[in-house]
Amino acid sequence: MLWIKALHIVFVVTWFAGLFYLPRLFIYDVESADAAVRAQLRIMQRRLLGITHVGGALALTFGIWTLILVPAYLHQGWLHAKLALVLGLVAYHIRLVQLVQRFAEDRNTHSSRWLRVFNEVPALFLIAIVLLVVVKPA
Ligand code: HEM
């Protein structure tokens, strides 16, 4: 159980590396006037998205595995709240996929300011989820 939980945390960290840094790459892309720099940033966006997919898939796999080992968690309120927040993170991840596609096709319509606000969203989810799993308020 502890090994599986440790791997869960390792891949949560990997997932968040992408959730935090992909929007940053979009901001640099929007703010760059140099076509060669933008082309390089788009390669970085695509590669980082790949790592983000792997981190996300394995974080969820080891999270579900932890639940299979300790099914009693399924009756606890903090887990229900956490799973609702995880759905929000999956929605954010899907939005990142759409944005990588839009930048690749040169069809981005979002401003740098919008992307900066969007960039803050995963931090809010991270704080809420870590508080729930550590404090277990309900
Ligand atoms: C399908 C998604 C997920 C499931 C089913 C899941 C399930 C679990 C379970 C059952 C535990 C064990 C809790 C304990 O032993 O106290 C755990 C631990 C943990 N989870 Fe998740 N999790 C998921 C996604 C996430 C995400 C997205 C994050 C971060 C944002 C996260 C962060 C953590 C952390 C930090 C711990 C360690 C808590 C501790 O040992 O005190 N999990 N998870």
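Surface patches are assembled here from residues with over 30% relative accessible area and no salt bridge, with like charges joined within 9 Å and nonpolar side chains (Val, Leu, Ile, Met, Phe, Trp, Tyr) joined within 5 Å; accessible areas come from the Shrake-Rupley method with a 1.4 Å probe, and for residues the protein chains shown alone count as cover. The structure is a predicted model, in which local features need pLDDT of at least 70 and side-chain atom pairs count only at pLDDT 80 or more, while totals for chains, interfaces and linings use all residues. Residues are numbered from 1 along each chain as its sequence is written, and side-chain values use heavy atoms, with hydrogens and water left out.

The protein contains four helices and zero strands, where helices (H or I, at least four residues) and strands (E, at least two) are DSSP runs numbered from the N terminus. The order of elements from the N terminus is α-α-α-α, and the C-alpha atoms fill a box of roughly 55 × 25 × 20 Å along the principal axes.

A nonpolar surface patch of about 690 Å² is formed by Met 1, Leu 2, Leu 60, Ile 64, Trp 65, Ile 68 and Leu 69. Helix α2 (residues 35–69) makes the greatest contribution to this patch, with five residues, and Ile 64 is placed in that helix.

Four salt bridges are counted, each defined by a side-chain nitrogen of Lys or Arg within 4 Å of a carboxyl oxygen of Asp or Glu. In one of these, the side chains of Asp 29 and Arg 42 meet at 2.9 Å, N to O. This pair links distant parts of the chain, with Asp 29 in helix α1 and Arg 42 in helix α2, 13 residues apart.

The ligand is surrounded by 22 residues, of which the closest are Lys 5, His 8, Tyr 73, Lys 82 and Lys 136, a residue being counted if one of its heavy atoms lies within 4 Å. An oxygen atom of the ligand is 2.7 Å from a side-chain N or O atom of Tyr 73, a nitrogen atom of the ligand is 2.6 Å from a side-chain N or O atom of Lys 82, and a polar side-chain atom of Lys 136 lies 2.5 Å from an oxygen atom of the ligand. Helix α1 gives the most to the shell around the ligand, with six residues.

Key: A polar contact is a pair of N or O atoms within 3.5 Å; within protein, one must be able to donate a hydrogen and the other to accept it, and residues adjacent in sequence count only if both atoms are side-chain atoms.
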